[in-house]
Amino acid sequence: MSKPLPLARLGVIGGGQLARMLAPACNAHQVQMTVLDPIHDSPAGQVAYGQIRGALHDPDALKTLCEQSDIVTFDLENVGADILMTLANQRVEIIPAPATIRLIQNKFEQKCHYKASGIPTADFINIGDYPDFAAVQAFGLPCVQKAHTGGYDGRGVHIIRSSDDWDRRLKTTSFLEKFVSGETELAVMVVRRASGEIVAYDPVEMVVDPTLNLLDYLVAPARVSDALKLSAQELAKRTVESFGTSGLFGVELFVTDHGDLLVNEVAPRAHNSGHHTIEACTTSQFENQLRACLDLPLGSTELRDIALTANLIGAPGFAGSPVIEGLDELLQIPDVHMHLYGKEECRPGRKMGHLTFIGQNYDELIKRLESARNSLVIRGDTPQ
Ligand SMILES: Nc1ncnc2c1ncn2[C@@H]1O[C@H](COP(=O)(O)OP(=O)(O)OP(=O)(O)O)[C@@H](O)[C@H]1O
Ligand SMILES: [Mg+2]
């Protein structure tokens with residue numbers, strides 16, 4: 001069947017690093033990608049066919065993007081989902097469906113959906129706006145307080161082990177979740193297209209720095225048994241199917257002390273646990289995201305080698321225009337791949353890019369990451 005070129009006009013809500021990394025797949029397929037973002041020359045706006053400048057909740061800006069696109073997808077989920085639900089009924093296709101985006105935006109509703117769909121997830125209770133410590137004690141310590149909406153990068157998550165922790169609780173509408181004491185956290189990227197075809201990538205292990213309680217690095221494939229890997233892929237696919245829509249999803253899972261899997265949460269978009277797929281897999285998460293949006297056959301998710309990915313974070317003590325040091329040393333490391341996100345300002349702790357290392361041996365890749373961290377610094381140009 002012949003198809004006119006360009007293949008499609010793809011609108012992306014949000015012009016961050018995820019949309020920036022989608023651009024090469026769009027260009028290769030002659031798809032015109034336009035992003036919506038409030039920031040002039042956003043990371044994706046720098047490399048896209050076009051950018052509309054506007055807020056991600058602004059009805060007019062969202063309408064303009066929809067009018068200029070055949071298909072619309074997401075770089076992040078914190079967007080005006082209600083407006084999109086109305087727009088989705090008019091000519092434009094929005095993938096994943098805005099109703100799924102709205103469900104996922106609210107972590108409490110997301111959890112209720114898993115419970116209702118028979119998807120294993122840690123037990124939880126709602127505490128709403130006026131929590132009482134007696135209710136927390138009755139639920140059991142330790143537990144985790146989570147904001148219904150607006151949390152990301154751990155900001156809407158607070159672990160409660162004592163009444164002191166409770167005094168420092170999140171002052172927002174929240175629920176409590178049982179603390180999962182397993183050591184291992186996995187993520188599985190899943191892609192589904194409208195025809196129903198669904199594929200999963202190899203599970204990735206998210207390694208958390210125990211002192212900072214922040215993601216340290218990710219390795220693929222996860223260092224767990226083949227049986228557990230398969231169960232994780234099956235559960236991740238079942239979770240995505242429960243939404244009844246198409247697109248690319250990152251499914252975060254806990255492995256309990258008993259070796260059971262629990263769904264933590266789902267990101268309805270590209271995810272950092274899929275960044276290694278750019279170099280390490282037959283088809284990157286971004287190319288498969290595009291194929292899902294266009295309802296084209298999905299590409300193989302085969303992982304060719306072991307991969308390790310770590311974020312490049314703005315160094316402490318500096319802010320301002322980004323400066324990078326140690327590039328010569330970094331690029332002498334074998335099979336290292338650097339991705340910079342084009343952010344105009346570097347602040348301490350800000351995600352400025354990522355590194356992926358490819359090889360055949362986990363320990364060797366961890367050594368390469370250590371030597372990269374010893375040489376490479378990304379920081380603002382002005383001491384704070
Ligand atoms: N019930 C739990 N038991 C133990 N640890 C938990 C629990 N819930 C969350 N955590 C820890 O907190 C981290 C962040 O939680 P979660 O993924 O729910 O929040 P988030 O703000 O969406 O984070 P991110 O954007 O990093 O994915 C988890 O990766 C995990 O390490
Ligand atoms: Mg998470």
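**Exercise 1.** In what order do the 5 strands of the open sheet run, and is the pairing parallel or antiparallel?

*Solution.* A quick note before we start: this is a predicted model, where local features need pLDDT of at least 70, side-chain atom pairs count only at pLDDT 80 or more, and totals for chains, interfaces and linings use all residues. Residues are numbered from 1 along each chain as its sequence is written, with chains lettered from A and ligands numbered from 1 in the order in which they are written.

Step 1: read off the order, E3-E2-E1-E4-E5, with parallel pairing. Strands (E, at least two residues) and helices (H or I, at least four) are DSSP runs numbered from the N terminus, and two strands pair if DSSP finds at least two bridges between them.

Step 2: check the edges. E3 (50-53) and E5 (93-94) each have a single partner strand, so one side of each is left without a neighbour in the sheet.

Step 3: look at one pair. E2 (residues 31-37) and E3 pair in the parallel sense over 4 bridges, and Val 35 sits opposite Gln 51 in E3.

Step 4: Contact here means C-beta atoms, placed from the backbone, within 7 Å.

**Exercise 2.** Describe how H1 and H10 cross.

*Solution.* Step 1: take the axes, which are lines fitted to C-alpha atoms over the stretch in contact, with angles from 0 to 180 degrees between N-to-C directions. Those of H1 (residues 17-28) and H10 (residues 285-294) come within 8 Å and cross at roughly 65°.

Step 1: name the residues. Met 21, Leu 22, Ala 25 and Cys 26 of H1 meet Phe 286, Glu 287, Gln 289 and Leu 290 of H10.

**Exercise 3.** Which elements build the side of domain 1 that touches domain 3?

*Solution.* Step 1: get the bounds, which come from an automatic or database domain assignment: domain 1 (8-94), domain 2 (123-178) and domain 3 (184-383).

Step 1: the contact takes 19 residues from domain 1 and 15 residues from domain 3.

Step 2: E1, H1 and E4 each supply at least two residues of that side of domain 1, and the largest share, 7 residues, comes from H1.

**Exercise 4.** Where does ligand 1 lie?

*Solution.* Step 1: 17 residues surround ligand 1, the closest being Val 144, Gly 151, Val 157, Glu 177 and Val 180. The cut-off is a C-beta atom, placed from the backbone, within 6 Å.

Step 1: domain 2 and domain 3 both give residues to this shell, so ligand 1 lies between them.

Conventions:
Contact = placed C-beta atoms within 7 Å.
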